[in-house]
Amino acid sequence: MKARVTVTLKAGVLDPQGKAIEGALASLRVDGVLSVRQGKVFDIELSGNDQASAHAALTTACEKLLANTVIENYRIDLMA
Amino acid sequence: MRAAVITFPGSNREGDVARALKQAGAAVAHAWHADMALPGGTDLVVLPGGFSYGDYLRTGAIAARAPIMDAVRSHSARGGLVLAICNGFQIACEAGLLPGVLVRNANLRFACKRQHLKVERCDTAFTRAYAPGQVIDVCIAHGEGNYICDAGTLARLENKGLVAFRYCDAEGQVTVAANPNGSLNGIAGIYSESLNVLGMMPHPENLIEHLTGGIDGKGLFDSLLGRSRAA
């Protein structure tokens, strides 16, 4: 089974990298961009096919390593 | 005083901090990230500066999950001293030894320069050789030293006197201009609740010889060896 974990900064946490990207897009004259927040994507392959145990394993992975829950949120998407 | 300096893949200041500890009179042992136990009789664990695991994922995140860190957490829980400098501070936060997290400097620049710090309190194992409110001149070298935490944690740090050092100017004024990275309340270093863990971004180990710029960092190592400020 394949899964995608998306880690994003919590609302209110300053994102200087996102701000810099915002500035670069403005200098490229990409119109209509209001704001940019940078995050991380992890594409993960899992050995089993059970959705519940895959979700449980990925939750552990997020809580223990992939996200720092002081500043980041995570989302788990299981793919067929 | 027996110190154990832990080296992770990508640590690069373990030699300098070992030298500062030896100069102050400590017996220094080196430990490796993959070790399961600290050297026998360890009084002080040092997490040195560097770029452990190339700062992959988040600074300090992977080192914080190294095998030796369970032993470091047990040592800390027993009240053992832990000194975490720069990348060590990032590792200590990721390992749950200290609250909060260090994120990218607000101006996105790697800060490598001399920096004044205000010593907030002089009654801890790390600072008793300094004078109350003393301004010391040390070095910083980091890209991710911007300390942040939630409002409740910040209030707790302030109310319980757990801020160890703040960035300041030469006169000891804690100002926005003197803050090199955007840290909340100018925080450069913090203590754990029981004052046995100190995490700090600046490098006191750089300032232990007049030959290389000054000795304002020596007080921290002298403090650890039990020397107090001359009355």
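**Close-ups of a predicted two-chain model**

**View 1. A salt bridge within chain B joins B:Glu144 and B:Arg104, with the closest N and O atoms 3.4 Å apart.** Here a salt bridge is a side-chain nitrogen of Lys or Arg within 4 Å of a carboxyl oxygen of Asp or Glu. B:Glu144 sits in the loop between β7 and β8 (146-148) of chain B and B:Arg104 in the loop between β5 and β6 (111-119) of chain B, so the pair ties together parts that are 40 residues apart in sequence. Helices (H or I, at least four residues) and strands (E, at least two) are DSSP runs, numbered from the N terminus. Over all chains, the structure holds 20 salt bridges.

A note on the model: it is predicted, so local features need pLDDT of at least 70 and side-chain atom pairs count only at pLDDT 80 or more, while totals for chains, interfaces and linings use all residues. Residues are numbered from 1 along each chain as its sequence is written, chains are lettered from A and ligands numbered from 1 in the order in which they are written, and side-chain values use heavy atoms, with hydrogens and water left out.

**View 2. Chain A meets chain B through 15 residues of chain A and 14 of chain B.** Contact just means heavy atoms within 4.5 Å. About 1,100 Å² is buried between the two chains, with carbon and sulfur atoms giving 67% of that; buried area is the accessible area (1.4 Å probe) that two parts lose on being put together, summed over both. On the chain A side, A:Pro16, A:Leu65 and A:Asn68 lose the most area to chain B, together 38% of what that side buries.

**View 3. The count between chain A and chain B is 1 salt bridge.** It pairs the side chains of A:Glu72 and B:Arg58 (3.8 Å, N to O). From chain A, α1 (16-27), β2 (40-45) and α2 (51-66) each supply at least two residues of the side that touches chain B.

**View 4. The largest pocket has a volume of about 440 Å³.** Of its 25 lining residues, the closest to the centre are A:Gln17, A:Lys40, A:Glu72, B:Arg58 and B:Glu144. Pockets come from a 1 Å grid over the protein atoms alone: each is an open set of points where a 1.4 Å probe fits, with protein on both sides within 12 Å along at least five of seven lines, and lining residues have an atom within 4 Å of a point. Grid points are joined across faces, edges and corners, and a volume is the space filled by probe spheres set on the points.

**View 5. The second largest pocket has a volume of about 160 Å³.** B:Gly50, B:Phe51, B:Cys86, B:Phe110 and B:Ala141 lie nearest its centre, out of 15 lining residues.
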